[in-house]
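The following note collects points on the packing, ring pairs and strand pairing of the model shown below. Please read the numbered paragraphs alongside the coordinates.

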Amino acid sequence: MAALLAGSLVGICLRKIWLYLFMLPQVNGFPLHTRGNGLTIDPSSDAWAEIISGIGPLILLLGERTTKQLLRSVRTYDNALSIGTAPLGLLAVFTSLIRFCGVQKLRAFIGYELEARAVAGIEYTQVNCGGVHAEMLDGHLIRSTSANPASQVAAVSFLKGRLDECFGEVLGQIRECARFESERLQQGIPRGVVDVRWVLGLRCRQATEISVAEIVKTLADVLLLKGKDKVRIREDDFRRKLAERASKHLPPTAVVEPEGLASTSEKVNNSEVPKTKAAKEDQETINNDEIKITTKERSSDLSPMSTKSSASTTGSNKIAAILELDQGLDDSSPQLTFMYTLDAVSEFLTRTPTPKSWSLLISILSLTTILAIYILALRHLHWQFSVAWLLLVLGYIGIVIGVSFAAMIISTSCTLLRLENRSNAKWTHGVVNSVKNTDSMETTGSAFLSSEFGPQILEVVWLRPLTRERALLASTVACGIVVFFLCHYIGLRSLIWWVALGELGVCLLAAFARSLVKGQQARFEVEEGVKLDKRCCSTGVISMQKGHKVGERKWGNIDARAYSALSFKEITTDGESIAWEAAKLCFEDAALVTKIQELTGMLLHAVPMQDKNNCDVLVAFDGGLLVSEGLAFPNCQVMLSFHSSISALGTPTALLARGIMRQPEWVLDKPGFGPMPLGQVYVLAIDGMIDWWTMSEDRNDMSDLQKNLQWCFVLINISFFLSLLELSRNEEFPLEAIEKVHCASSQDNKKVAQEVFEFLQSCL
C-alpha cells in the first residue's frame, strides 16, 4: 500500500516538471529603443543601488592595520576627532576597545580573555615600559614583551669638553632629570619601571689648588647642596681638608679668595660676556627638602657650548670630532664628560608627531564634506525628512562621537611623561643596544648607534592599571558604536547609491591624507670607535680600553665622578659585615682611626635629607684597595658624588667601586701588606683587577661588583664606616638604618672582625 502511494507521488512530480520545462507559454521580446544615432540599453538603477549601498558601508569596517596605526598616534582630541569624522576600520575600533579596556566577559567573547594588557598596549598605544622594552632590528626600533630579552635599547645623549664651557649645559640637563623623577613620583609610576641614569666625569691630569676647589664645588653643585649655612660649612670643610692633604704634592698657585671659590655655575653666569639682544637670564628656584637654591643661568646662546651653529657637524664627522677632543687638552684644566640614558624608548623616538593643525584640517574637511553629501541626499528627497535619512545622520553622529571617545579612552589609559632633550649642537644623541653577554669576556663596552634625526623625543608611556569604571565605560562605548553603525548602515541601504559611494570616498581620502602627514622613523647605524657604559656605573663614554701598572704614583691626578640616584637590591655581604664590626672596634682607638684614614685618604661629607632616610654623599679616597700582592690603587685621587639611601651606605662596596672603574694607571702602594686575617676567602690579584673587574661593567652589574669586590674593599669600607661614625658623633648623622642592615651579623663575622682589628693595631 505504501509502495503504491509513493509511486503515485513520484508520477505526479514528474508530470509537473515536464509541464514547466517544455510546455511554457510563448514569451515575446521587447523592442530596443534607439536614442539619437546610438543604441543604448537602460540599466536597472535598483540593482546598482543595491550593490553600492550594500557594499560601501561594509568597507568602512575594514582596515585593521590602518586603525591600529592611527590609535597609536592619538594624543589629544584633535587626533581622535580626525579618526572619528572619517572612520575606516570600525570593526578594529570595536575590538581594540574591548581587547584593551573592556570588561572580562566581552574580552572572552572576542577571544582575548587571558591576554596580557601589555600585548594589546603595544598594538594600540605607545607604551614603552612596565614589561615592554625596545629592541633593534635591522637599524629600526621595535617593541617587545619578551620576559627575558637578549637585548634592550636605551636612549643616550652625551657631551664632552672643558668644564668651564660645558657645565651650564650639564647642570640644566641634571635639573631636567630631577624634574622628571619628581613628576614620575607624582604620577604614581612605580620605582624601577623606568630609569633615568646619568654620570658626570671630571678629569684633571695636573691639578692645582684652584682646580681642586673647582672640582669640589662642581660635585657639590650637582648634588644641589647649596643654600644653608650648615651645609656650606660642611662643604668648605671638605674642600679645606682635601686641599691640606694634597698641598704637599700640588704645584703652587695663586691664593684662593678667603670667601671660597665661586662655583662653576656662578663662574659661567658671572663671566664677562658681551651683552646682546639675544641674551636672556633665566632664574630658577629649586626646592630640595626645604633647601632653596636660586641660580641664574644665561640662556643657551651665551655659552660657548650652547651656541647653535648652522654649520654644525653631524654623523661621522661629529663623532670624529668627539674622539679627537682629548688631543691637545690643558692638563691643569678639568675636562668634563657627561652622559645620561633613558631605558623607555620605542619606534616613536625619532618620529615627529602629526601637527595639530593638520589633524584639525582633516577633521573639518571630512566632517563638512560628509555633511554636504547628506544635504544633497535630502535635496534629492525634495527636502522631506525620511526615516532612512534620519537614521543615516543619527548613525554618523553616533559613530563620530563613539570612535572619538574610544580613541581617547585608549589614549588616556596611559601616563605620558616627557624628558626634555638639550637641542645644543654639541650634544650627541643616539641609542645604546644593551646585549646580554653573560658568557662573553668582551670588555670594550656597548656599541653606540646614531641617526640623522637630531635631538630625540624622549617620552615615557606607562600603562595605567585598568579600573572597573573605565572598563564599564569602554564596554558601553563599544556597544554604542555597534548600534550606531547598524542605524547608519540601514539608512545608507535605503538612500540613493551615490551617498554611500561619496562617504566611502571621503573616508579613503582622509586615511590617505593622514598617512601623508606622518613622520618616518629614522634608521640607526653603529658609530665605529665609540663605546659606552650602558649602566652609567663607570665613566659613561668609555675612552680607556686597557689599564697598566706604573712604578711611581703621580700626585695631582684627579678623577672625580658624580652619579644619579641608583636603586639596587641591598644584600649585606660577609666582607661588609666584617668591615662594619671592625670599624666599631677601631673607632675606640683615635690614633688607629687617624692611621687608617691616612692610609686610605678617606674624606667623607654626607648630608642627610629632611626625611632622615636619604642623603647626599661626597667622598674622596686615594688608597687601601686590598689585592693578593698588598695594597693597590689607581694612580689618581678618586672623588665620588652621589645620592643614596642611608641604608645603602651600610653596603658601600658597589657605590665606592664605581670610582676605580676604567682607570688607566695603577700603582702597588704597599707591596707585601698583610695578609689580613679574613679567613678562607679569595682576594683578587692586581692583574685580575686591572684586566677584568674594573673593565667589565658591561657584563657585571652593581650586585656583581659588590659580591666579587667585597674582600678587596674591606680596608676602604672600614675607613668609610669610621668616617660615618665620626659624622654621627659630631653632626648627628643617623646610623639606625645602617645598624639595622648589620644587625644579623653572625658570630663568625664578629670573630673575624676582632682579628682584623688586632691586625691593624699591630701593623699600623
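1. Phe485 and Tyr489 lie four residues apart in helix α15 (residues 468-494), so about one helical turn separates them. Helices (H or I, at least four residues) and strands (E, at least two) are DSSP runs, numbered from the N terminus. The model is a predicted one, in which local features need pLDDT of at least 70 and side-chain atom pairs count only at pLDDT 80 or more, while totals for chains, interfaces and linings use all residues. Residues are numbered from 1 along each chain as its sequence is written, and side-chain values use heavy atoms, with hydrogens and water left out.

2. The structure holds 13 aromatic pairs; rings of Phe, Tyr and Trp (its six-membered ring) pair if their centres lie within 6.5 Å, and planes under 30 degrees apart count as stacked, over 60 as edge-to-face and the rest as tilted. The rings of Phe338 and Trp427 have centres 6.0 Å apart and planes at 90 degrees, so this pair is edge-to-face. Phe338 belongs to strand β9 (residues 335-342) and Trp427 to the loop between β10 (414-419) and β11 (428-435), so the pair ties together parts that are 89 residues apart in sequence. Phe338 is buried at 0% relative accessibility, and Trp427 is likewise buried at 0%. Buried means under 20% relative accessible area, exposed over 50%, and partly exposed in between (1.4 Å probe, protein chains only).

3. Phe485 is buried, with a relative accessible area of 10%, and Tyr489 counts as buried at 19%. Elsewhere, ring pairs link Trp198, Phe338, Tyr340 and Trp427 into a cluster.

4. The largest nonpolar core has 85 residues, and those with the most contacts inside it are Val619, Leu649, Ile718 and Leu760. Such a core is a set of buried Ala, Val, Leu, Ile, Met, Phe, Trp, Tyr and Cys residues joined through side-chain atoms within 4.5 Å. Helix α22 (residues 714-731) gives the most to this core, with ten residues. Apart from this core lies another, of 53 residues, among them Leu159, Ile189, Val460 and Phe524.

5. Which residues does Val619 touch, leaving aside those up to four places away in sequence? They are Phe238, Met602, Leu603, Leu604, Val638, Met639, Leu640, Phe642, Leu656 and Phe720; contact means heavy atoms within 4.5 Å.

6. Cys586 lies in helix α17 (residues 574-586) and is buried at 0% relative accessibility. Not counting residues up to four places away in sequence, Cys586 touches Leu592, Val593, Ile596, Leu722, Phe757 and Leu760. Cys586 and Ser719 are 133 residues apart in sequence and 9.6 Å apart in space, C-alpha to C-alpha.

7. Strand β19 is mostly covered, with seven of its eight residues buried. Six bridges join strand β18 (residues 603-608) to β19, and the two run antiparallel; two strands pair if DSSP finds at least two bridges between them. Eight bridges join β19 to strand β22 (residues 637-645), again antiparallel. Ala620 is the bridge partner in β19 of Leu603, and Ala620 stands opposite Met639 in β22. In the hairpin of β18 and β19, which has five residues between the strands, Lys612 takes a positive phi near 65 degrees.

8. Asp616 is placed in strand β19 (residues 614-621) and is buried, with a relative accessible area of 3%. A polar contact of 2.8 Å joins the side chains of Asp616 and His643. A polar contact is a pair of N or O atoms within 3.5 Å; within protein, one must be able to donate a hydrogen and the other to accept it, and residues adjacent in sequence count only if both atoms are side-chain atoms.

9. The charged end of Arg658 sits over the ring of Tyr563, 4.2 Å from its centre, and also over the ring of Phe642, 5.2 Å from its centre. The criterion is NZ of Lys or CZ of Arg within 6 Å of the ring centre and within 35 degrees of the ring normal.

10. Four strands form an open sheet in the order β16-β23-β21-β20, with mixed pairing. β16 (548-549) and β20 (625-627) stand at the edges, each with a single partner strand, so one side of each is left without a neighbour in the sheet. Two bridges join β16 to strand β23 (residues 665-671), and these strands run parallel. The bridge partner of His548 in β23 is Glu665.
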